[in-house]
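Take a look at the chain below. Then read on for a short tour, from the whole fold down to single residues.

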Amino acid sequence: MSPGPEQGGPAGAGRDEVRRRSPRVPVVIQIEVRGSTSGRMPAAVVDLGAYSVRMRTERPLVLGEVVILEFPPGPSDTILSLTALVWETSVRGAIAVFANLDGQAFRRLRTFVDCRRPSGGDFGLTPFRGDA
């Protein structure tokens, strides 16, 4: 059962959203995915967080595969390439967890998401393990 506001969870939030140290936020972004098994293909990001991404792809990704995710550049930036591990696959899309995200990549990801949030607000992320 998902905790609602009466159990300390946000209204409408499921258990997975409450337990995450940094919940993913809804965004609509087209990216490229490269994997040694899956090959190269476009993907549509459904939601994005500091530590993971949910995306839909043309072909299924392979559970446990290491992939490179290429996010489009900002106005004065270059392509943001992040290494990730395919953590889960389902009909809702694949979840990939970012691997070896250093402080600079974390800040670029934060800026990337902040600029694309529908509300235009701060992503509210703080680096993990003092990566700032």
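How many helices and how many strands are there in the chain? The chain has two helices and six strands. This is a predicted model. Along the sequence, the elements follow the pattern α-β-β-β-β-β-β-α.

**The whole chain**

The chain has 132 residues, and 39% of them are buried. Now take the contacts in the chain with a separation of 6 or more: residues 24 or more positions apart account for 46% of them.

Strand β6 covers residues 93–98. Why is β6 described as largely enclosed by the rest of the structure? Five of its six residues are buried, so the rest of the structure largely encloses it.

Strand β6 pairs with β3 and also with β5, as the table shows.

| Strand | Partner | Sense | Bridges |
|---|---|---|---|
| β3 (residues 52–57) | β6 | antiparallel | four |
| β5 (residues 80–90) | β6 | antiparallel | six |

**Ser-90, in β5**

Ser-90 belongs to strand β5. Is Ser-90 buried or partly exposed? Its relative accessibility is 36%, so Ser-90 counts as partly exposed. A polar atom of the Ser-90 side chain lies 3.1 Å from the backbone nitrogen of Arg-92. Ser-90 can also be compared with Arg-56: the two are 34 residues apart in sequence. In space, their C-alpha atoms are 9.6 Å apart.

**Asp-47, in β2**

Asp-47 sits in strand β2, which spans residues 39–48. Its relative accessibility is 13%. The cut-off for buried is under 20%, so Asp-47 counts as buried.

Which residues does Asp-47 touch, leaving out those up to four places away in sequence? Arg-24, Val-25, Pro-26 and Val-27 are among them. Val-53 and Arg-54 complete the list.

Terms used:
Residues are numbered from 1 along each chain as its sequence is written. This is a predicted model: local features need pLDDT of at least 70, side-chain atom pairs count only at pLDDT 80 or more; totals for chains, interfaces and linings use all residues. Side-chain values use heavy atoms; hydrogens and water are left out. Buried means under 20% relative accessible area, exposed over 50%, partly exposed in between (1.4 Å probe, protein chains only). Contact means heavy atoms within 4.5 Å. Two strands pair if DSSP finds at least two bridges between them. A polar contact is a pair of N or O atoms within 3.5 Å; within protein, one must be able to donate a hydrogen and the other to accept it, and residues adjacent in sequence count only if both atoms are side-chain atoms.
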